[in-house]
Amino acid sequence: MLNKRTLCKAMVAVAAVGVWGGVHAQPRVIKFANQNAKGHPIVQGMDKFAELVEQKSGGRLKVQVFPGGALGSDQANVSALQGGTLEMASMNSGIFASIVKEFAVYDFPFMFGNPREADAVLDGPFGKQLHAKLEDKGLVGLAYYELGFRHITNNRRPITKVEDIAGLKLRVIPNPINVDWVSALGANPTPLPFPELYAALEQRAVDGQENPVATIWGAKFHEVQKYLTLTYHQYNPQSVVVSKKFWDSLSADDRRILQEAALESAKFQRQQARASVDSTLDNLKKAGMQVNELPAAEVAKMRERMKPVIAKHTAAVGEATVAALQAELDKQRK
C-alpha cells in the first residue's frame, strides 16, 4: 500500500512539473537583422512583424529586431542565413543577384515609375517567382518591404544637370549594375557595405552616395553631406527572408504565422514609408541640406545614358526575366 501511495504521489508530481514546464516554456527566439537605423520605416515594419508574430503565436515565438547593421553587413547576413546562425533579415532585393542572377532586374535604373506599379509586380506572380528561386540557395522569401526611390547626395556641388554628376566619387551598393550606371554618368563608383558609408562620407573618402530620403535621414547623412538632388533613378524593394534551415525546423502552423505576419507587416511598412517622405524632406532641409529636384529634361538625358547599361545587364539577367517584368509593368500602364 505504501509503495502504491508513493508511486501515485510521484506520478502526480511528474505531471505537475510537465504542466508547469509547458506553461512556462521559453519562447523560440527569432533574430531579425537590417542595416537601417531604429525608427526607419523598414525597422518600423520589422517591429510590426515582431508584434504580429508574438500575438499570432500566443507568445511561443518572439522576434528580436537588430537594426543599424548590428549583426554585420548585408553580405555577412546572407552567409549567416544560409548557415542557419541567423533566422531572418530584410535587405535590398538586388543584393541577392550575387546568388540568383535574376534579382539584378530590381536594380535596373528607371524600371518602376511609381509605388503602385511596384506593388503590383512585387505582390504578383513575378515577385513570388523570384523569391521562390532563393530556396535552392538556403533562403525563403516571405514578402517585400519598401526602401523606396533613390536620390543622389554629395558634398561638392548642387546637381542641376546630368553633367554635374561627372567626376563625383559615389558610393554604390556592391553589385555590377550599380557600378555600371554610375560609370555611365561619368562618376567614379565606389562599392562599400552600408555600415562603412557614414565614416567614408565623414572622412571624404567618397564625395557622395545615393539612397532614399528615409535612409539619408535615418543614417544622419545630412551631418556629412550638403547637397541632395531628387532623381528618382532607382526603386528598391527589400526582401524579407528567412533562413531555410530555420524554416524547415518550424511546424506548418508556425510557418503560416510567419508568412501571414510578413505580408501584413509589409502593407503597414509601405504605408509608413510613403507617408513619411514629405516630412523627412522637410527635416533634411531644416538640418541644413540644400534640396533640389533634377529637371525633367535632365532626367530624360539620364534615362538615355542608362540604355546601354540596361541592355548589357538584360543579357546577363536573361531576356525572359526582363520581358516578364516589362509585361507586368505594361499591364499597369494601360
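Which residues do ring pairs link into a cluster? They are Phe96, Phe103, Tyr106, Phe126 and Tyr144. Rings of Phe, Tyr and Trp (its six-membered ring) pair if their centres lie within 6.5 Å; planes under 30 degrees apart count as stacked, over 60 as edge-to-face and the rest as tilted.

This is a predicted model, in which local features need pLDDT of at least 70 and side-chain atom pairs count only at pLDDT 80 or more, while totals for chains, interfaces and linings use all residues. Residues are numbered from 1 along each chain as its sequence is written, and side-chain values use heavy atoms, with hydrogens and water left out.

The chain has 13 helices and 11 strands; these are DSSP runs numbered from the N terminus, helices being H or I of at least four residues and strands E of at least two. Of the 334 residues in the chain, 49% are buried. Buried means under 20% relative accessible area, exposed over 50%, and partly exposed in between (1.4 Å probe, protein chains only).

By the ring rule there are nine aromatic pairs. One of them joins Phe149 and Tyr232 edge-to-face, at 6.1 Å centre to centre and 65 degrees between the planes. Phe149 lies in strand β4 (residues 139–149) and Tyr232 in the loop between β9 (227–230) and β10 (235–243), 83 residues apart. Tyr232 is partly exposed, with a relative accessible area of 36%. Phe149 also pairs with Tyr235: the ring centres are 5.0 Å apart and the planes at 65 degrees, so this pair is edge-to-face. Tyr235 belongs to strand β10, 86 residues from Phe149, and both Phe149 and Tyr235 are buried.
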